[in-house]
Number of protein chains: 2
Amino acid sequence: MVDRIAAGAQAPGFYRFKVGEIEVIALHEGVLVRDRPTGFVPNATHEEVGEAYAAAGMARDKLTITFNALAVRTAGRVVLIDTGLGEFGPPGTGQLLGNLAAAGIQPGEVSAVVISHFHADHILGVNRKDGQPTFPNAEIFVPAKEWDFWMDDAQMDAAPEAAKENFGLCRQVFGKLAETVRRYAWDEEFLPGLTSVRANGHTPGMSAIRITSAGETMMFVADITNNPLVFVRHPEWQAMFDMDPVETIATRKRILDMAAAEKLRVSFYHAPFPATGYIVKNSSGYEFLPALWHAD
Amino acid sequence: MVDRIAAGAQAPGFYRFKVGEIEVIALHEGVLVRDRPTGFVPNATHEEVGEAYAAAGMARDKLTITFNALAVRTAGRVVLIDTGLGEFGPPGTGQLLGNLAAAGIQPGEVSAVVISHFHADHILGVNRKDGQPTFPNAEIFVPAKEWDFWMDDAQMDAAPEAAKENFGLCRQVFGKLAETVRRYAWDEEFLPGLTSVRANGHTPGMSAIRITSAGETMMFVADITNNPLVFVRHPEWQAMFDMDPVETIATRKRILDMAAAEKLRVSFYHAPFPATGYIVKNSSGYEFLPALWHAD
């Protein structure tokens, strides 16, 4: 139990649940609210999108983005899936390390960091501002196809100007790691119980992660949607963050179908904390059902 | 921030939010899962009810009940709304005091306990097993009409055998308090910023509580539904716990309409923790939208 939380402090943003014999911990990284740009969903009107945000309980004219990583703890090993923005994000973000500590895990205990894809909010926490690794004892696992795309200078040179920034961030984060990073393939069980699932579209090499233990399976679905309260209900909607809109939608439907058919627990990076639940398919599309919170 | 949580412990079940200048704290009391009896919803089939539970992400054949009270903290005063089952509940319940402590509040700091209605899961926490008051410095506020009904021996004598148990529990809880209990009327601001709202039907005197500060208002809606994920979507469904089914449905719709029209934040006693969100009215009824979790 808790010994003491400072008066007025929020409960820590972690939430534990079991998958077979593995403990999985949802880790809140923060919330960002900003004005929603026109064209955020290129294939829907600004009004339709506003209506969908309001229907999900969020501000109609804002873009509300929540960030939630995952830790997987087995005997003697902590695997972190995505790192958040670390010390580089705007106010409201950067809470992951504090919540990891609240869950009883120090950065040095993390033995593996698994990256789903190379967008800033998933990778910037790999290093600290002083350039040192945030998780000094962790092997870094990245999707091979993501590495091949973002670390290719020819791709960077060919990219539109607005897209060049993220190529630069990838070099900032991974530049020193080329010799040591572990590049995992799709459908590879790259750590015991952790198997990658092809989830390209949002980025060229994004991977979802199936987590299996003792006959139970869940899936970290990364960014197959931005906020699932909006995009699971509107599976055809593209978001401006999606690099290949057509492939994004195909991947989204394939993975949502998989989750619904197998009744898998899923965790979304951009769902409201604790960001875990189930997918059901219905006549108009899909629905994301948050899992019931319970203490044990 | 958190100093230390024992390895493996769940995050504490409290969640803070602001209403004007008041701090409101959702307090988890526990979860109970049991086989759902046939006839739980007398005006729907067992299959329809199972379908609704499954559609809300819960087990189809179980009755999943979650319990969540509320604390309201203003300068120098902590008001607790409903007490949970205290030391008298089944395994999985009785977590309220621990979560209150995790939020930094000791029982002696509670200066008022407000009871919404006299069902066991709302009142048993008033006293400890040794008969002493759980909150030794608290005035107890109860709905006047609830007191008048349950503490009336003629009503007890006239009640069906199965209903007599709750009359007995009311005497166990309130027997010694007849001289000191504060009986509040409907529409009375019985504490600064706390105003009762008629919510009878589930029990003869149930009250919802409007909480107002600095121009903002929320409403604790008590048991106008059992789990709102089911009964907000099916506002005509009666539950076997509802003493006057017709009045229950009328009250439910009146209060859901009020919440939707005023865009009030609501807290349900039986919603999944943190049990707070918003009501929208749609073509087929209503929807409960959980509020986005955030750290500040």
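Predicted model: local features only at pLDDT ≥ 70, side-chain atom pairs only at ≥ 80, totals over all residues.
Me: What rotation superposes chain B on chain A, and with how much shift along its axis?

Reply: A rotation of 180° does it, with 0.0 Å of shift along the axis and an RMSD of 0.0 Å. The two copies are thus related as by a two-fold rotation axis. Residues are numbered from 1 along each chain as its sequence is written, and chains are lettered from A and ligands numbered from 1 in the order in which they are written.

Me: How do you know that the copies meet through the same surface?

Reply: Of the interface residues of chain B, 100% are also interface residues in chain A, so the surface is the same on both copies. Contact here requires the C-beta atoms of two residues, placed from the backbone, to lie within 7 Å.

Me: Let's move to a helix. What makes Ala101(A) count as buried, exposed or partly exposed?

Reply: Count the C-beta atoms around it: Ala101(A) has 17 others within 10 Å. A residue is buried with 20 or more other C-beta atoms (placed from the backbone) within 10 Å of its own, exposed with 12 or fewer, and partly exposed in between. The count of 17 falls in between, so Ala101(A) is partly exposed. Ala101(A) sits in α2 (residues 96–102) of chain A; helices are DSSP runs of H or I with at least four residues, strands are runs of E with at least two, and both are numbered from the N terminus.

Me: Which residues of α1 in chain B are buried, and why are they said to lie on the same side?

Reply: They are Val49(B), Ala52(B) and Tyr53(B), in the helix of residues 46–55. They cover an arc of only 100° around the axis, which puts them on the same side of α1(B). The arc is that of the directions from the helix axis to the C-beta atoms. An α-helix has 3.6 residues a turn, so residues three or four places apart point the same way. The face turned away from the buried side carries the exposed Glu47(B) and Glu48(B). The cover over the buried residues includes α7 (228–231) of chain B, and just after α1(B), Gly57(B) takes a positive phi of about 85°.

Me: What makes β12 and β13 of chain A a pair?

Reply: They share 2 bridges in the antiparallel sense. Two strands pair if DSSP finds at least two bridges between them, so 2 bridges are enough. In β13(A), Thr276(A) is the bridge partner of Ser267(A). β11 (residues 216–222) and β12 (residues 265–268) of chain A run parallel, joined by 4 bridges, and Ser267(A) is also the partner of Phe220(A). β13(A) and β14(A) are antiparallel over 6 bridges, and a hairpin joins them through 2 residues.

Me: Why is the pairing in the sheet of 7 strands in chain A called mixed, and which strands are its edges?

Reply: The open sheet has the order β8-β9-β10-β11-β12-β13-β14 with mixed pairing: β11(A) and β12(A) run parallel, whereas β12(A) and β13(A) are antiparallel. The edge strands are β8 (189–191) and β14 (285–290), each pairing on one side only. Neighbouring strands are turned by 35° against each other on average, direction ignored. Helix α8 (residues 245–262) lies across β10 (207–213), β11, β12, β13 (276–282) and β14 of chain A, at about 100° to β13(A). Axes are lines fitted to C-alpha atoms, for helices over the stretch in contact, and angles run from 0 to 180 degrees between N-to-C directions.

Technical notes. Least-squares fit on C-alpha atoms with pLDDT ≥ 70 in both.
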